[in-house]
Amino acid sequence: MEIFMKTKLKLLASLSFLAFIGCTSRADTYYLQSTASSGGAPYPFDPYHGAEPMTEIGPDIYMVDDTETMMFSGSMMSADSIDPTDPSNTNGTFTGSSQPANVRNYTKYGAQVFGFLDTNSVLNDDNNTNLFNACAAINGPTNGLPWLTIAKYGPNACIIRADNFDYTQTNADFALLICDKLQTPTWKAIDFGGASDAQDGWLVQGTVPNADVTSPMFFEVTNLNQAYNAFFKVIPYSGAQVAIVGTNQPFDVVSNTIALTTQVYDLSGTTNEQFNVNVDGAVCRSHLTTSNVFTIETPYTPDGLGNIFLVADGHGSVSDPASPPADTQIFFEGMNSIPLDFENQTYLLFQGDNASLDAGVDYIEWVISTPQTCAAIISHPSGAVVFAGTNSFNAGAIALPWNFTEADGVTPYSETTYDVHIIAFDREDLYLTNKIETNGVRVGAGTMLVYQDEEPTQNGAYINATTGQAMNDEGSFFVNMYRSSSLTQYSPTQVGTNRQLVVQLDQSIEDPIWADQDMLGLPQQIQRALPSDPNACYYSDITIAEARGSSTTVGGGNYLTNFFDNNEFALWTARSPAPNWRWRKAAFWTPYSAGAPPFAFPDVCGIRDTATQHTSFIRKNCGLFFKGQLNLRRFEDNSATVRANVAESLDLLWVCGNNEFPGACDPTYSWKFCVDSTTSEFDPQVTAAKPLLVGLPEMIYTTIYDDELLLLNYTHVKTH
Amino acid sequence: MLKATMKTIRTPVLIIGLAALALLAWLVWKKIPHGPAPVVRAAPPSIPNVRTNEPEQQLPLPKGVMEVKKIGDFTDAERTELTNLFNSKLRPAAQHWFAAYSNHVPFNLNDLTLDKFTNRLGKRARLYTFVLGDSTLVIQDRGDTAKVNYMMSHKGAVALNNLPTTGTMPDLSMPVTRTEVAGMVLADTGVQFKPNEIIMRPTAAASGVNGGAYVNMIPTGEDPNNGLSSKVDLIFDAAGKLVNYERLHNF
């Protein structure tokens, strides 16, 4: 037995771990872990007859774990017996008796860092011949199957080679998963009540965007936690799998309150899954009961065909919150929808929620299907009535205007919420609680241009120089905005005042401004007030044109490790001198900056979703973020074009419009037009990064029509 | 030397002269629109303090501007090329689009002539803009294909943007059905959208225009709150005429 074990261990000393996906074979197929490295032939049955643990690695395809346990130990990756009395642990330092406490996999692997290696760049840009040679020394499989081959690299890292993964038939990304036990199921049923949080299992160590999947690929995982076993495998993954089941079928006619049962599956290590229910993006009145059952009060949604969306966001990646890895997706989102035909005798058409006092008058609109008498009461949360009225109406929509005053019609209403009770006598009443916007959008002013230096290797030096040029170029453009010799030749009557203000904040090795607390540091600049008006923000727009980042951070990486996270940014932004703290425009050209609600960068920038902005009298704003990885350069199929060039082009197009030449600029082109045109110019790279256009697509650069946009009036939005 | 200078400054004539200069500078300063001095940390651009009577030289264009080619900037050879492109690709693309939306388009195909061309935006985006009366039509040349990607009727847009009138009941009817829209978009793009992928809202729900429709074509599985999910946006007025059409460049 001992000899057999040692033989087995020698075979496994250079372990290759196989993972298989996407197989279309219908017959069951069994691979043995012990022969994986040598491309052992598959079995049509389990040769161990169930005596060894197995895991499904593809449809009807199983990996039989006949190697006992594999682990990282000591200075090399090896396979070791879990029997502490077995004397064969020659390759490592594992001692079963001192195995550390079984903490969550998040904690076990949280400090490990994943890197997707561009071997050309490793050799030519980074001059890292050791790493290049280590990659070159790993032989790929010869059997044409999808394989992961793992090799030790240095004392605390491993290199993984991935071959033959074909992602052309899926939109999901390539996800390298990690777990402490091979037999752990990949997926688990998520309970939004939290009951499933206790189950631990597979998490994402790293991802490769779908469009970048090729063969072979090389990954580096550093800072390995060698106190625990670690298994890797690959699946196509883009977030939770969401299903809406139950009695309702697509296109059913529904009314009153309905219940939707949902099933959500996510990686078995995911916890604290968040959810959102909406109807075509708009808030609907829903409640979570038990066992992932949602009730939806359909009279609060306009009649007609609508899609009920369930969106689930999970923290599926191993990462250390205190030191999150750069260029890494931390949150993953899954969604599904069911189309239903809403048909109610009386329903809410326009809630009037979130209206700004600047609107002067808010409207609440509802629809009745038969002629009848209706009553409406507006009151304080305490119940004190400020308006009450009754009238007879024909069938159709009824609009109730309210000018934010008390019962006398003159005294301003002083609270931030109010209740509305609508009584249509042929059905149940409608009850609303509306908020009044008290923290609106920054009044249009200056622009912040933020960027981070790359390590000045051959590649990095070029990126830094080009980015610096682009930002200087854009800075000058803003500074000269009102000059008669400039490209724009604008006056304040055309674009508003203070639009020429600009600051460039370069996070460099010499001047790491993101950490500075002085006046020129990022926090202070975000909170800066206009000298002429201490209650107004100096900057209303922000462009982060180039930086490392993740779902929760901007900055960081191996070179300039300093970063700020979404919470810090939220604090800096919310501490603005004005109650209107929300950014008017934010463009974060950083990887995965779309994050996950409720504290994703779009949220902490104060940009409300498109459906809300389209249906409320609130101050409008807009943004651009990314759900995927972003190139540092090679936009426009041109290696000379860096990310900051694209960011600059978008900003200029928004300011100048379709006719970007002196004397013809027009600041009324919509955000959507500018984003789409810029994307068109620099695709396919921008689209591959999964851009997320948030807020009002019709938002325009000039501030002089902000009062129109507030009231959903797009008269002066040119869009083209 | 210092004493001599001080004596000179004390002379009344110079004081008056300096005051006049200060007044002049203040007048010039007041005339220039500006706000507080910008803070520019890295390589601050040079900013002149005052404007002189000499006309300023045109500042160099920022490198980030997308290439805009006005009709007046086309060389003879380029005009010939443009004419060929118009006849071979742009006009056929417009014909295809007109056929799809037929009587919903607020102008005639015959109105689309090369003299309505105003400019081309982008080296790779290649958006050709035509202005026909109060309507704008943009056709994109993507090399192997050309397609209409934008139309806007300014008059219709203005009409759409009135607030609901107090005391009147909005008309929530819509001038087109999902089936009709699906047919139009299929003929235009070749993509058959399912009924639930066609998001339709009455214009009266958020504006003073009764009887119109906002339409967004959002494929199943795409986030309705991502402004780039809607592949085709359509707005119809009460008469069923298109007020706005917008198609994403990569759809």
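## Polar contacts between the chains

A polar contact is a pair of N or O atoms within 3.5 Å; within protein, one atom must be able to donate a hydrogen and the other to accept it. In this predicted model, the rule finds 28 residue pairs in polar contact across the interface of chain A and chain B, with both residues of each pair at pLDDT 80 or more. Helix α12 of chain A, residues 671–682, gives the largest share of the side of chain A that touches chain B, namely 10 residues. Sorted by class, that side of chain A holds 46 nonpolar, 33 polar and 19 charged residues.

## Extent of the interface

The size of an interface is often given as the accessible area lost when the parts come together. Here, chain A and chain B bury about 7,100 Å² between them, and carbon and sulfur atoms account for 56% of that area. Chain A contributes 98 residues to the contact, and chain B contributes 76 residues.

Two salt bridges are counted between chain A and chain B. In a salt bridge between the chains, the side chain of A:K627 meets that of B:D223, with 4.0 Å from N to O.

## Chain A as a whole

Chain A has 720 residues, of which 60% count as buried. Its secondary structure consists of 14 helices and 41 strands. Among the contacts in chain A between residues at least 6 apart in sequence, 71% join residues at least 24 apart.

## A residue in a strand: A:T433

A:T433 lies in strand β31 of chain A, which covers residues 430–437. Is A:T433 buried, partly exposed or exposed? A:T433 counts as partly exposed because its relative accessibility is 46%, a value between the limits of 20% and 50%.

Leaving aside residues up to four places away in sequence, A:T433 touches A:Q351, A:D353, A:T417, A:Y418 and A:D419. With one of these, A:D419, the side chain of A:T433 forms a polar contact of 3.0 Å. A:P602 is 169 residues from A:T433 in sequence, and the two are 25 Å apart in space, C-alpha to C-alpha.

## A residue in a loop: B:H104

In chain B, B:H104 is placed in the loop between α3 (76–101) and β2 (117–121). B:H104 counts as buried because its relative accessible area is 14%, which is under the limit of 20%. Apart from residues up to four places away in sequence, B:H104 touches B:V176, B:M184, B:F236, B:G240, B:K241 and B:L242.

Key:
Residues are numbered from 1 along each chain as its sequence is written. Chains are lettered from A and ligands numbered from 1 in the order in which they are written. This is a predicted model: local features need pLDDT of at least 70, side-chain atom pairs count only at pLDDT 80 or more; totals for chains, interfaces and linings use all residues. Side-chain values use heavy atoms; hydrogens and water are left out. Contact means heavy atoms within 4.5 Å. Buried area is the accessible area (1.4 Å probe) that two parts lose on being put together, summed over both. Helices (H or I, at least four residues) and strands (E, at least two) are DSSP runs, numbered from the N terminus. Ala, Val, Leu, Ile, Met, Phe, Trp, Tyr, Cys and Pro count as nonpolar, Asp, Glu, Lys and Arg as charged, and the others, Gly among them, as polar. Buried means under 20% relative accessible area, exposed over 50%, partly exposed in between (1.4 Å probe, protein chains only).
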